Amino acid sequence: MTGSKTAPFTADDYRARMERATRAAADAGLAGLLVAPGPDLVWLTGYTPTAITERLTLLVLAPGQDPVLVVPTLEAPDAAHAVGAPALTLRDWTDGKDPYAATAALLDSGGRFGISDNAWAMHLLGLQKTLPNTSYAALTDALPMLRAVKDAAELELLAAAGAAADATFEEIRKVPFAGRRESEVGADLADLLRRFGHSQVDFTIVASGPNGANPHHEVGDRVIEHGDMVVLDFGGLKDGYGSDTSRTVHVGEPTDEERRVHDLVREAQEAGFRAVRPGVACQEVDRAARKVIADAGYGEYFIHRTGHGIGVTTHEPPYMIEGEEQPLVPGMCFSVEPGVYLPGRFGVRIEDIVTVTEDGGRRLNDTTREMVVVD
């Protein structure tokens with residue numbers, strides 16, 4: 001595979017995933033799955049094209065037939081070297097030929113198919129033109145839990161990514177904050193994530209003072225000042241699996257109110273974590289964390305869901321949000337990240353990745369959730 005390490009996984013692992021996905025598609029009433037380059041293709045086959053271009057690459061999974069990867073001829077040699085290649089058949093097409101006709105021969109001409117969220121519109125339209133009686137559903141809508149339950153090897157990789165993020169926090173808390181731009185601290189975070197093994201940095205939020213009231217501020221040119229609360233939220237991919245953690249630090253000693261709000265968020269995060277156990281609906285995690293904040297009078301300032309899934313991407317199902325009745329299952333991994341955001345003043349967020357165990361939950365982030373004072 002190009003782009004990330006796959007040593008923990010074998011062709012048999014990928015075969016089992018493709019079989020599981022095919023069964024899930026049939027159970028959902030679909031004629032099959034069409035998987036374009038992106039996280040689903042990586043998870044199912046271990047293959048990432050060297051470059052994603054206008055040439056069609058598509059994995060076709062359908063009940064009663066072997067998995068087939070339709071690829072451009074010039075990319076077939078790379079695809080053949082993917083770890084999962086022995087578990088599928090390659091069907092290549094050359095420039096000047098019709099890739100949609102080649103794909104159509106594999107499909108039920110009147111079927112409904114799940115298709116990758118990130119499939120190109122031109123490819124979907126090409127299939128619809130060739131097979132006008134087919135219909136399609138986004139994979140996230142049709143099979144939202146496809147990648148949600150992780151196996152032991154995936155959990156190990158997620159734990160390692162979490163440990164690398166923790167090591168990053170332990171180092172960043174030692175650097176000077178006051179007098180530096182948010183962007184400079186963000187660059188430090190990115191460098192540290194890479195030093196501790198990340199191949200991809202997805203985000204480095206450094207939100208100081210009033211910027212902290214914007215949950216996705218990222219970084220800017222604001223100079224961090226003594227007395228600022230600073231929200232740090234960072235993560236990416238290590239060996240193909242994600243990290244995502246948030247801690248809120250203070251430059252110099254905090255005021256009583258700042259400490260009180262930080263303690264409140266910490267209590268809410270603990271309540272969300274303690275709600276995690278098999279069979280509990282995802283929304284109950286959100287409710288547990290949100291109740292603590294609402295009961296303290298800050299409910300209107302908690303303005304986002306409590307968590308999101310993580311795996312081969314840093315944001316994926318399941319979501320810890322009101323209305324999500326999906327039961328928690330051992331092996332699911334997601335964030336628990338309540339926050340309070342006071343417009344024009346400051347924000348606080350504390351986030352851990354949590355996995356569901358047989359009798360509760362286990363944190364994959366272990367740095368202190370107490371207030372950390374930085375220089």
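Residues are numbered from 1 along each chain as its sequence is written, and side-chain values use heavy atoms, with hydrogens and water left out. Because the model is predicted, local features need pLDDT of at least 70 and side-chain atom pairs count only at pLDDT 80 or more, whereas totals for chains, interfaces and linings use all residues. The mean pLDDT (the predictor's confidence in each residue, from 0 to 100) of the chain is 95, and 98% of its residues reach 70 or more. Over residues 1-6 the pLDDT is below 50; beyond near neighbours in sequence, this stretch has 13 contacts (heavy atoms within 4.5 Å) in the model. Where pLDDT is low, the predicted coordinates should not be read in detail.

Buried here denotes under 20% relative accessible area, exposed over 50%, and partly exposed in between, with a 1.4 Å probe and protein chains only.

Helix H8 (residues 182-195) has 14 residues and reaches 20 Å from its first C-alpha to its last, close to the 20 Å expected (1.5 Å times one less than its number of residues). Its buried residues are Glu-182, Val-185, Gly-186, Leu-189, Ala-190, Leu-192 and Leu-193. These cover an arc (of the directions from the helix axis to the C-beta atoms) of only 165 degrees, so they are on the same side of H8. Their cover includes helix H7 (152-172), strand E7 (200-208) and strand E8 (229-238). H8 is followed by Gly-197, whose phi is positive, near 105 degrees.

Positive phi is also found in Glu-218, at about 65 degrees, although this residue is not a glycine. Glu-218 lies in the loop between E7 and E8 and is partly exposed, with a relative accessible area of 39%. Asp-239, in the loop between E8 and strand E9 (241-251), has a positive phi near 50 degrees and counts as partly exposed at 21% relative accessibility. A cis peptide bond, with omega about 5 degrees, joins Pro-317 and Pro-318; Pro-318 is found in strand E11 (residues 316-320).

How values were computed:
Helices (H or I, at least four residues) and strands (E, at least two) are DSSP runs, numbered from the N terminus.
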